[in-house]
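Subject: Handing over the structure

Hello,

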Amino acid sequence: MRREEFDVKDENSINEILKVCEYGTLSLISQGKPYCVALNFVFFENSIFFHGAKEGRKIEAINSNPNAAFLVVKPYSFIPSYFSDTMAACPATQFFASVLFEGKLEFINDGNKKADVLNALMKKFQKEDSFELIAYNKAMYTKMLDKTAIIELKIKTQSCKIKVGQNLNEERKTKVMDRLKNRNLKIDDETIKQMKLFS
């Protein structure tokens, strides 16, 4: 990563991004061309998992080339140029957090493993746990699990970038936080917390 001040190694920060982000972009090669698709995901047992149909362009691309990258982005506040007391566009910037994974994709065929992954996905998106656990040996789920593709991204490399003003001096950082507080959008409160965390 070119800007070291934005490079984050902390596993707790990475896990928090993966917990709150609902989807990411899977990058593949399809018929010799780049192909991207937005997917819900779950980070489970040190891998990224996706689910979907067993046919289509995504499946064809994976079968022809299992190498992939997956990008998850959590937006924070947009910082307008006038926060820097200028109308010039140059100081305008977007604060965000992102995690990039690279690795190989594999299809999961074991019905019990598929059930475990889908239960982890349900727990992520339906945090109140108001659902019946999926199990391969339950007749109502067996056929559905057999028809569903569960894809695992076995992670070879990962990097995390969090950009929340670490490159600003204390005076500019304080000014930005004050103006975010005055603007008072919901995302601004979250951004201020992150700025303080990474200051």
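Below is what I found, beginning with the overall picture and then moving to particular places.

Please keep in mind throughout that this is a predicted model.

**The whole protein**

The protein has 199 residues, and 41% of them are buried. Its secondary structure consists of six helices and seven strands. Starting at the N terminus, the order of elements is α-β-β-β-β-α-β-β-α-α-β-α-α. Taken along the principal axes, the box filled by the C-alpha atoms is roughly 65 × 45 × 25 Å. The accessible surface is about 11700 Å², and carbon and sulfur atoms hold 51% of that. Among contacts with a separation of 6 or more, 70% are between residues 24 or more positions apart.

Helix 1 covers residues 11–20, and its buried residues are Ser 13, Ile 14, Ile 17 and Leu 18. Viewed down the helix axis, these buried residues fall within an arc of 135°, so they line one face of helix 1.

Helix 3 (residues 111–125) is where you will find Lys 124. Is Lys 124 buried or exposed? Lys 124 is buried, with a relative accessible area of 11%. Its side chain has a polar atom 3.1 Å from the backbone oxygen of Leu 18. Lys 124 and Leu 18 are 106 residues apart along the chain, yet their C-alpha atoms are separated by 9.9 Å. Setting aside neighbours within four places in sequence, the contacts of Lys 124 are Leu 18, Lys 19, Cys 21, Glu 22, Phe 41 and Val 42.

**The cysteines**

**Helix 5**

Helix 5 takes in residues 170–183, 14 residues in total, and spans 20 Å from its first C-alpha to its last, close to the 20 Å expected. Its buried residues are Lys 173, Val 176, Met 177 and Leu 180. Seen down the axis of helix 5, they fall within an arc of 95°, so they line one face of the helix. They pack against strand 5 (67–79), strand 6 (93–108) and helix 6 (186–197). On the face turned away from that buried side, Glu 171 and Asn 182 are exposed.

Both ends of helix 5 are worth a look. The N-terminal end is capped by Asn 169, which has a side-chain oxygen 3.2 Å from the backbone nitrogen of Glu 171. After the helix comes Asn 184, with a positive phi near 65°.

Ser 77 is found in strand 5 and is buried, with a relative accessibility of 0%. A polar atom of the Ser 77 side chain lies 3.5 Å from the backbone oxygen of Ile 187. Not counting residues up to four places away in sequence, Ser 77 touches Thr 93, Gln 94, Phe 95, Leu 180, Arg 183, Ile 187, Asp 188 and Thr 191. Leu 180 in that group is one of the buried residues of helix 5.

Gln 194 sits in helix 6. With a relative accessible area of 17%, Gln 194 is buried, because the cut-off for that is under 20%. Apart from neighbours within four places in sequence, Gln 194 is in contact with Tyr 76 and Val 164.

Best wishes

Key
Residues are numbered from 1 along each chain as its sequence is written. This is a predicted model: local features need pLDDT of at least 70, side-chain atom pairs count only at pLDDT 80 or more; totals for chains, interfaces and linings use all residues. Side-chain values use heavy atoms; hydrogens and water are left out. Helices (H or I, at least four residues) and strands (E, at least two) are DSSP runs, numbered from the N terminus. The expected span of a helix is 1.5 Å times one less than its number of residues. Buried means under 20% relative accessible area, exposed over 50%, partly exposed in between (1.4 Å probe, protein chains only). The arc is that of the directions from the helix axis to the C-beta atoms. Contact means heavy atoms within 4.5 Å. A polar contact is a pair of N or O atoms within 3.5 Å; within protein, one must be able to donate a hydrogen and the other to accept it, and residues adjacent in sequence count only if both atoms are side-chain atoms. Accessible areas come from the Shrake-Rupley method with a 1.4 Å probe; for residues, only the protein chains shown count as cover.
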